[in-house]
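User: I'd like to learn how to read helix packing and ring pairs in a model. Could you walk me through one?

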Amino acid sequence: AVMSAEGLLSNPALFSKDATESSIQHSLMYLDLCDQYPVPPKFIKHHLFSFLNRPGLLEKHTDLRTQLQLVSTKELMKKVVLELAVREEGLNLASIEEEKLEIEEKTI
């Protein structure tokens, strides 16, 4: 048995052979899974902070860190992550949706 819970929170691609997705992409995929499976917003927020703190993204974008601290719904958390994607990865929302579709096709 391997204890990996904390390691997976800071690096969701820990056991992935093809770890090309960013922490932002992992966060968006996680939020999609939260749509399918009920997760309390408090847990979602904690997980997002873990995903996004490791690469230092929230240290760089302190305004988004503050917004993420203050929001209480999954929808508002997703807006914060999408804004982070736009800033960090230079993606517009259409590009993000296209990437999500590509990632979903890979997993099917």
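Analyst: Here is a walk through the helices, their contacts and a ring pair.

Analyst: First, the ground rules. This is a predicted model, where local features need pLDDT of at least 70 and side-chain atom pairs count only at pLDDT 80 or more, while totals for chains, interfaces and linings use all residues. Residues are numbered from 1 along each chain as its sequence is written, and side-chain values use heavy atoms, with hydrogens and water left out.

User: How many helices and strands does the protein chain have?

Analyst: Helices (H or I, at least four residues) and strands (E, at least two) are DSSP runs, numbered from the N terminus. Here the protein chain has seven helices and zero strands, so in sequence order the pattern reads α-α-α-α-α-α-α.

User: How do I read a pair of packed helices, say helix 2 and helix 6?

Analyst: Two packed helices are described by the angle between their axes and the distance between the axes. Axes are lines fitted to C-alpha atoms, for helices over the stretch in contact, and angles run from 0 to 180 degrees between N-to-C directions. For helix 2 (residues 23-36) and helix 6 (residues 74-89), the axes come within 10 Å and cross at roughly 160°. Angles under 35 degrees count as roughly parallel, over 145 as roughly antiparallel, 65 to 115 as roughly perpendicular and the rest as oblique. Helix 2 and helix 6 are therefore roughly antiparallel.

User: What is the handedness of that crossing of helix 2 and helix 6, and which residues meet?

Analyst: A crossing is left-handed if the near helix is turned anticlockwise from the far one by less than a right angle, and right-handed if clockwise. Helix 2 passes helix 6 in a left-handed crossing. On the helix 2 side, the residues are Ile-24, Gln-25, Ser-27, Leu-28, Leu-31, Asp-32, Cys-34 and Asp-35. They meet Lys-74, Lys-78, Val-81, Leu-82, Leu-84, Ala-85, Glu-88 and Glu-89 in helix 6. By class, the contact of helix 2 with helix 6 has eight nonpolar, two polar and six charged residues. For the classes, Ala, Val, Leu, Ile, Met, Phe, Trp, Tyr, Cys and Pro count as nonpolar, Asp, Glu, Lys and Arg as charged, and the others, Gly among them, as polar.

User: What does Lys-74 touch?

Analyst: Lys-74 lies in helix 6. Not counting residues up to four places away in sequence, Lys-74 touches Leu-31, Cys-34, Asp-35 and Ile-44.

User: Are helix 3 and helix 6 roughly parallel or roughly antiparallel?

Analyst: The axes of helix 3 (residues 41-53) and helix 6 come within 10 Å and cross at roughly 15°. That angle therefore makes helix 3 and helix 6 roughly parallel. Their crossing is left-handed. Pro-41, Ile-44, Lys-45, Leu-48 and Leu-52 of helix 3 make the contact with Lys-74, Met-77, Val-81 and Leu-84 of helix 6. This contact of helix 3 with helix 6 has seven nonpolar, no polar and two charged residues.

User: And what about helix 3 with helix 5?

Analyst: Helix 3 and helix 5 (residues 62-70) pack at an angle of about 160°, with their axes 10 Å apart. That makes helix 3 roughly antiparallel to helix 5.

User: Last one: how do I read the aromatic pair?

Analyst: A pair of aromatic rings is described by the distance of the centres and the angle of the planes. Rings of Phe, Tyr and Trp (its six-membered ring) pair if their centres lie within 6.5 Å; planes under 30 degrees apart count as stacked, over 60 as edge-to-face and the rest as tilted. By this rule the count is one aromatic pair. Tyr-30 and Phe-51 form an edge-to-face pair, 5.3 Å centre to centre with 85° between the planes. Tyr-30 is in helix 2 and Phe-51 in helix 3, 21 residues apart, so the pair links distant parts of the chain. Tyr-30 is buried, at 14% relative accessible area, and Phe-51 is buried at 7%.

Definitions and conventions
Contact means heavy atoms within 4.5 Å. Buried means under 20% relative accessible area, exposed over 50%, partly exposed in between (1.4 Å probe, protein chains only).
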